[in-house]
Amino acid sequence: MASKPPKGDPVQDAPQVAEPKHAAAGLPAIGHTLRVAQRQMGVKRTALTLLRVNQKDGFDCPGCAWPEPEHRHTAEFCENGAKAVAEEATLRRVTPEFFAAHSVADLATRSGYWLGQQGRLTHPMYLPEGGEHYEPVTWERAFDIVAEELTALDSPDEALFYTSGRTSNEAAFLYQLFAREFGTNNLPDCSNMCHESSGSALNETIGVGKGSVLLEDLYKADLIIVAGQNPGTNHPRMLSALEKAKAGGARVITVNPLPEAGMERFKNPQTPQGMLKGAALTDLFLQIRIGGDQALFRLLNKLILDTEGAVDEEFVREHTHGYEEFAAAARDADWDGTLAATGLDREVIERALKMVLDSERTIVCWAMGLTQHKHAVPTIREIVNFLLLRGNIGRPGAGVCPVRGHSNVQGDRTMGIFERPAPAFLDALEKEFGFAPPREHGLDVVRAIRAMRDDKAKVFFAMGGNFVSASPDTEVTEAAMRRARLTVHVSTKLNRSHAVTGARALILPTLGRTERDLQASGEQFVTVEDSMGMVHASRGRLEPASPHLLSEPAIVCRLARRVLGERSRVPWEEFEKDYAAIRDRIERVVPGFENFNVRVAEPGGFALPHAPRDERRFPTATGKANFTAAPVEYPELPEGRLLLQTLRSHDQYNTTIYGLDDRYRGIRNGRRVVLVNPEDARALGVADGSYVDLVSEWKDGVERRAPGFRVVAYPTARGCAAAYYPETNVLVPLDATADTSNTPASKSVVVRLEQSATD
Ligand SMILES: Nc1nc2c(c(=O)[nH]1)N[C@H]1C(S)=C(S)[C@@H](COP(=O)(O)OP(=O)(O)OC[C@H]3O[C@@H](n4cnc5c(=O)[nH]c(N)nc54)[C@H](O)[C@@H]3O)O[C@H]1N2
Ligand SMILES: Nc1nc2c(c(=O)[nH]1)N[C@H]1C(S)=C(S)[C@@H](COP(=O)(O)OP(=O)(O)OC[C@H]3O[C@@H](n4cnc5c(=O)[nH]c(N)nc54)[C@H](O)[C@@H]3O)O[C@H]1N2
Ligand SMILES: [Mo]
């Protein structure tokens, strides 16, 4: 079957293909942004809103978690940030009339793109058991329904409280507080599918699960390695930071199976010169085979060990543990094995080594290209080994830089959104609020899906996000969701998770970042933490999309009062009135937030402490930074198969689809494409432009199929393929996860291509 768009879609998914681009941003990006923004918001609102993004008195961009530079241009221009804002500030509305016209069954046939394009949700909506349409419901009745189902559970652990990473610190703190006072640590979050592998690897090795660099460090670095990340699309403001670092003398190595335009050349729209010619960003491109990174860094580590004087022996002696065992394992690395694992040639690795040895200050940045593999955690640990060897953690211009996704995903974790909370955090909660939080670990995303599938969890509550589309194994996940008694989504926009429901379902519409949040004590602001541990305020200015919206903190406070009633020890009413009261409590529970209300009022906010970065102190079990010596792994590829990575196009924010183009990769008007190396296409006998089904093969023997993808001959590494998420999530087996972190292995799915049957 050739790709057929779901019924009602405005545009046929009919991909057109041109040559990929070799530069990002520039004039086309500005034109594109204004067109998208004006379509959603009109001219006046576009100008007003875009001026407020990431300004000192404005709101935090709901796009990515990249930090803000201290000296902002009037409009820190970012095409994809602007698209994220336009998506939220749109003038389109999804009203009760819309739901009367569209049954849930109808909504389930629509594409994610179509659903998102309908606009902002305006009223709380309820789908009764056996009902065909969502109906408007009062907030009181909505909270009653949640309370009915929660109190009917045999155990609080039959409830799941999911969070997506846009939720503010204040809302996140209240949400985990409610879940724990209710009695469960079942707090799965999008981080489980995202940077969990980074947290797992960093916690164990350096004692803090977060990056160790600030923006200034990038400007001081000699060498920046960007591995498994596409900042031109997903963190566009990082390109200006890389440009500045390069102007200061840094060199850049890019490690990626795909040549990504943003890493090739950046046309800075803020400077006339940038607009014309742009700056080349990558000095050396290692076009690695998917999953080859651990092998690459292991070999580099061996080569460093083999070079006289290359190891920072004093640092290793004073600050690290496990060196001997690691060094013995690293010395075993061999060229042939590494060349096979990475698909690289010897000469390019030798050039990389020279750049590594020439650098006194090295930073490694990474994102989903490293975290979503079976061996993601040992891969990131190998990067830590690499940095430790030359003393590159805990001094200016050097360190680990996992680049986070959602704008407050890091802050949510800091606030306690975690299914495996540290005992010290629970102790602090207990002391502050006087109830005994549950101590048993809760369920992460993958385990939560299994629990619903096996009838062990019956209420699913989501603070944002789009759980069924973001999760792996779409058919399994959707069937699991449909088994729930009640599914509840606190959302700004319509998405597929509203159409794939439990027996009863609720949609609770909420304020976005851009909107004014008025409570009894006056106008409120919230706070967020960026990818580099900087905490700052975010204040919305726009009139809310509807008078019926409640803020996320207000929803949690009212729900908690309704569910917990007299038994609660928490002053929910006070918190709802004045978010400063929430911050006072955060200050007393979470380390690093001393004087929170005062410090967050300062322009630019404040940095959270980070012992390895600030004092070269490593709060690990050994009290030192730990070298590790895991065996090298890389994905095996059977004959006639490809390793598929599922990634983002330039016109999407996770499951939110802005449009059908992927400009830098030369794709227009369609998303069902699979990028294949031309030589692989030839060897497999599939023609460029033909349509194939992607069929994933996994040891459970279940055949997972995504039909109707147009083959695009593309210069990706040999043996590798790429196609967009979430269309390909159906191919990622629920049980295919990273060791230790349990993150779905969305970047290495073994697939075969089958010629699509034509209709
Ligand atoms: N506009 C926009 N911004 C976003 C998002 C969005 O969807 N749209 N999403 C946000 C979120 S939640 C996140 S987590 C981030 C995601 O940011 P990214 O991680 O940049 O997103 P992906 O598109 O998944 O890209 C993964 C990159 O890793 C490469 N890669 C894949 N496999 C391998 C491998 O084995 N080794 C190496 N070295 N490279 C590999 C891919 O070719 C690709 O360049 O972006 C955030 N920002
Ligand atoms: N195959 C594959 N799967 C992946 C990935 C991949 O690379 N490949 N990436 C994974 C990653 S890195 C992540 S982070 C997850 C993302 O998983 P999620 O965070 O669950 O998904 P999003 O698409 O970001 O969620 C979008 C929805 O959030 C709601 N929303 C937006 N803003 C707000 C707000 O301010 N408040 C509230 N309450 N709701 C809001 C809107 O209703 C919107 O429809 O997906 C993961 N899934
Ligand atoms: Mo993410």
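**Close-up views of a predicted model**

**View 1. The composition and contacts of the shell around ligand 1.** By class, 11 nonpolar, 16 polar and 4 charged residues make up the shell around ligand 1. The structure shown here is a predicted model. In total, 31 residues surround ligand 1, and the closest of them are Asn 256, Glu 260, Gly 291, Gln 652 and Asn 654. Asn 256 places a polar side-chain atom 2.6 Å from an oxygen atom of ligand 1. A polar side-chain atom of Arg 648 lies 2.8 Å from an oxygen atom of the ligand. Asn 654 takes part through its backbone, a polar atom of which is 2.7 Å from an oxygen atom of ligand 1. Ligand 1 taken alone exposes 930 Å², and 99% of that is buried by the protein. Two or more residues of the shell come from each of the elements α11 (231–234), α20 (368–371), β25 and β26 (652–653). At the level of domains, domain 3 (196–403 + 622–626) and domain 4 (639–755) each supply at least three residues to the shell around ligand 1.

View 2. The side chain of Thr 646 has an N or O atom 2.9 Å from a nitrogen atom of the ligand. Taken alone, ligand 2 exposes 930 Å², of which the protein buries 96%.

**View 3. Strand β33 and its two antiparallel pairings.** Strand β33 spans residues 749–755 and is mostly covered, with 5 of its 7 residues buried. Strand β25 (residues 642–647) pairs with β33 in the antiparallel sense over 3 bridges. In β33, Val 751 stands opposite Leu 642. Strand β30 (residues 691–696) also forms an antiparallel pairing with β33, over 5 bridges. Here Leu 694 is found opposite Leu 753 of β33.

View 4. Asp 693 is a residue of strand β30. The relative accessibility of Asp 693 is 7%, so this residue counts as buried, the cut-off being under 20%. A polar atom of the Asp 693 side chain lies 3.1 Å from the backbone nitrogen of Gly 708. The side chains of Asp 693 and Ser 756 are joined by a polar contact of 2.8 Å.

**View 5. Helix α9 and the residue that follows.** Helix α9 comprises residues 196–206 and is mostly covered, 9 of its 11 residues being buried. The buried residues are Glu 196, Ser 197, Ser 198, Gly 199, Ser 200, Ala 201, Leu 202, Thr 205 and Ile 206. After α9 comes Gly 207, which has a positive phi, near 90 degrees.

Note on methods: Residues are numbered from 1 along each chain as its sequence is written. Chains are lettered from A and ligands numbered from 1 in the order in which they are written. This is a predicted model: local features need pLDDT of at least 70, side-chain atom pairs count only at pLDDT 80 or more; totals for chains, interfaces and linings use all residues. Side-chain values use heavy atoms; hydrogens and water are left out. Buried means under 20% relative accessible area, exposed over 50%, partly exposed in between (1.4 Å probe, protein chains only). Helices (H or I, at least four residues) and strands (E, at least two) are DSSP runs, numbered from the N terminus. A polar contact is a pair of N or O atoms within 3.5 Å; within protein, one must be able to donate a hydrogen and the other to accept it, and residues adjacent in sequence count only if both atoms are side-chain atoms. Accessible areas come from the Shrake-Rupley method with a 1.4 Å probe; for residues, only the protein chains shown count as cover. Two strands pair if DSSP finds at least two bridges between them. A residue is near a molecule or strand if one of its heavy atoms lies within 4 Å of it. Ala, Val, Leu, Ile, Met, Phe, Trp, Tyr, Cys and Pro count as nonpolar, Asp, Glu, Lys and Arg as charged, and the others, Gly among them, as polar. Domain bounds come from an automatic or database domain assignment.
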